[in-house]
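Try each task before you read its solution.

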Amino acid sequence: MRPEIVLFGDSLTEQSFSAGGWGAALADTYSRKADVLVRGYDGYNTRWALILLPHVFSSKRAPAVVTVFFGANDATILGGRLGRLHVPVEEYKDNLKTIVNHLKECYPTSLVVLITPPPVDEEGPKEYARSLADEEALEFPERRNEVTGLYATKCLELANEMGLHAIDLWSKLQETEGWQNKFLSDGVHLTPEGNAIVHQELQKVLNETPVSAAKLPLDFPHHSKIDGKCPEKAFQYLSLLSSHYLI
């Protein structure tokens, strides 16, 4: 059976299988080697993610990898129109810890990778609000990059404390001049170029582990290994595997 890679997060994960998405790119990288499963939930924060845990991760089969990509909604400004999504930063860290502990308890062998929320282009949502003549949205911003950075820091702190792999997306995207328009489509969500950075950074992490795509075998023989006159020979190992699992 092919290993599974589960992507758990908010809309940044839900949209990862859209055109140019990082999840789709990951599935391509692991084609015929691992199954990439998307478990992304638009608008969700870590508080709501805790409710999902026993339902999303109900299988007894351990995923090879689980990415945990929350924080963009937790970091919304309390009092704004998206204030119901807000989770205090210390609670955010505690919730992430609970998620990781649950995964480790259920799947001790799974590799857990934390991803920080990306930076926020505060002008992006403002431009959208101006286009709608939405004065309330202009007066009460929903997100601030500085605040989101605090959540990114807590995510990295937890990864360090628990010995986990982590991707500092908040810092990585801001290394490039003009990141606001290059990597973000609306000030919050990722462009294809932004998605490419997530895929690139995740690949760097996975390439250092036993679940690197380069180290995993194909699920079935490559066509070059199949004899056209007697193709069954290339698949004889399958009957041996079946016998092994029936014992």
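**Exercise 1.** How many disulfides does the count come to?

Start with the rule: a disulfide is a pair of cysteine sulfur atoms within 2.5 Å. Apply that, and the count comes to zero disulfides. Next, look at two of the cysteines. C106 is partly exposed, at 35% relative accessible area, and C230 is also partly exposed, at 26%. (Buried means under 20% relative accessible area, exposed over 50%, and partly exposed in between, with a 1.4 Å probe and protein chains only.)

Before you go on, a word on the ground rules. This is a predicted model, where local features need pLDDT of at least 70, side-chain atom pairs count only at pLDDT 80 or more, and totals for chains, interfaces and linings use all residues. Residues are numbered from 1 along each chain as its sequence is written, and side-chain values use heavy atoms, with hydrogens and water left out.

**Exercise 2.** Work out the order of the strands in the sheet, and find its edges.

First, the terms: helices (H or I, at least four residues) and strands (E, at least two) are DSSP runs numbered from the N terminus, and two strands pair if DSSP finds at least two bridges between them. Now trace the pairing: five strands make an open, parallel sheet in the order 2-1-3-4-5. The edges are strand 2 (35-40) and strand 5 (165-167); each has a single partner strand, so one side of each is left without a neighbour in the sheet. From one strand to the next, the twist averages 20 degrees. (Axes are lines fitted to C-alpha atoms, for helices over the stretch in contact, and angles run from 0 to 180 degrees between N-to-C directions.)

Strand 4 (residues 111-115) pairs with strand 5 in the parallel sense over three bridges, and V113 has H165 of strand 5 as its bridge partner.

**Exercise 3.** Find what helix 7 lies across, and what its buried residues pack against.

Helix 7 (residues 145-162) lies across strand 4 and strand 5, at about 155 degrees to strand 4. Its buried residues include Y151, C155 and L158. Together, the buried residues of helix 7 pack against helix 4 (89-106), strand 4, strand 5, helix 8 (169-174) and helix 9 (179-183), where contact means heavy atoms within 4.5 Å. Finally, step past the helix end: G163 follows helix 7 and has a positive phi, near 70 degrees.
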